[in-house]
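Here is a friendly briefing on the spaces and nonpolar cores of one model. Take a look at the structure below, then read on.

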Amino acid sequence: MKTSKRIQLALVAVLATIFASLILVGPHTGAQSTSQQPQSDGQRQSSYMSVNEEPFEVVRARDKRNKAGVMAAHQKLLDERYNLSRRVDESVHMTRGKPIPVGPTAKLRDGVTWEQLGRMSPDEIKQKGLFPYLPLPHVNHPVGGMVFPQTEIKSLPRLERFDMDFDLPDWFLPEFPPAMFLTTRKDLGDVSRGQLITVNNYYDLFNGILNPKDLDGLRLLLTPFPQQQFNMTNDRNTVRPHRGVACFDCHANGHTNAAFHLVGDIRPEASRHRIDTVSLRGVNIQRYSDRSAA
């Protein structure tokens, strides 16, 4: 008798499970079968949860309309803090001949001179709020994302955003494209031959110079991958969808092009720091310290 009741209870549990599965799975199964069918509003159902509630054309038009105001507000901040006029040392040049900029660029407050600032202690400077180089915000800090200088956009138009532009004058930037040197082949000099290295020309430039493993590693550094502002979805800041951004889009020829972004490991976003692309030159001599040996 007890065994019969147990069997009945087991059957009830199985039937309840099947019924619950039909309730939970049924709507999703139906949605999948009609995922390729037009909806009543004429739009196809997306495979992804919506992250952009408005049509892309509406967002793009609004961002382009607001762009001038965004850039004007940021330029006002730059003008309040810095003297960004062209001041270079014509006797000191980068590898390709571009003269280096000279400073200081910051504008000091309250009539303080650099000589007076130099005689103050760090605590006094902090107490009086006279430190001249405060953290520089993103052009549009609430939005963030990668922003590339116009010199690079001329070579790679896919990197242009419709909502904002790069903010610093060209004379403060590294020469473009930068020279590239190999520590393993110093005899070759600039192996880029004056070109911006991309996935389209790396093979011709480095075949016979790098071994197969390094050549394929370089290919990966030049291969674009989707990024928040640069991708194939409607949640992007480029006019046309494309494959994304490559490592060497920022670290041009293994150096830098001064592109900037927001550091991604701080919340909320208002507290994030603007970060500029660092050069990869000299990375080969970096070593991790072995603390366990101490």
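**Pocket and cores at a glance**

Lining the largest pocket are 21 residues, and those nearest its centre are Met180, Phe181, Leu182, Leu280 and Asn284. A pocket is an open set of points on a 1 Å grid over the protein atoms alone, with protein on both sides within 12 Å along at least five of seven lines, and lining residues have an atom within 4 Å of a point. This is a predicted model, where local features need pLDDT of at least 70, side-chain atom pairs count only at pLDDT 80 or more, and totals for chains, interfaces and linings use all residues. Residues are numbered from 1 along each chain as its sequence is written, and side-chain values use heavy atoms, leaving out hydrogens and water.

**Largest pocket**
- Its volume is about 780 Å³, taken as the space filled by probe spheres set on grid points joined across faces, edges and corners.
- Helix α7 (residues 212–221) gives the most to this lining, with four residues; helices are DSSP runs (H or I, at least four residues) numbered from the N terminus.

**Nonpolar cores**
- The largest nonpolar core has 12 residues, among them Met180, Leu182, Leu218 and Phe248.
- Such a core joins buried Ala, Val, Leu, Ile, Met, Phe, Trp, Tyr and Cys residues through side-chain atoms within 4.5 Å, with buried meaning under 20% relative accessible area (1.4 Å probe, protein chains only).

**Largest cavity**
- About 50 Å³ of space lies in the largest cavity, a set of points where a 1.4 Å probe fits but cannot get out.
- Residues lining the largest cavity include Met146, Phe148, Ile153 and Arg161.

Methods: Helices (H or I, at least four residues) and strands (E, at least two) are DSSP runs, numbered from the N terminus. Buried means under 20% relative accessible area, exposed over 50%, partly exposed in between (1.4 Å probe, protein chains only).
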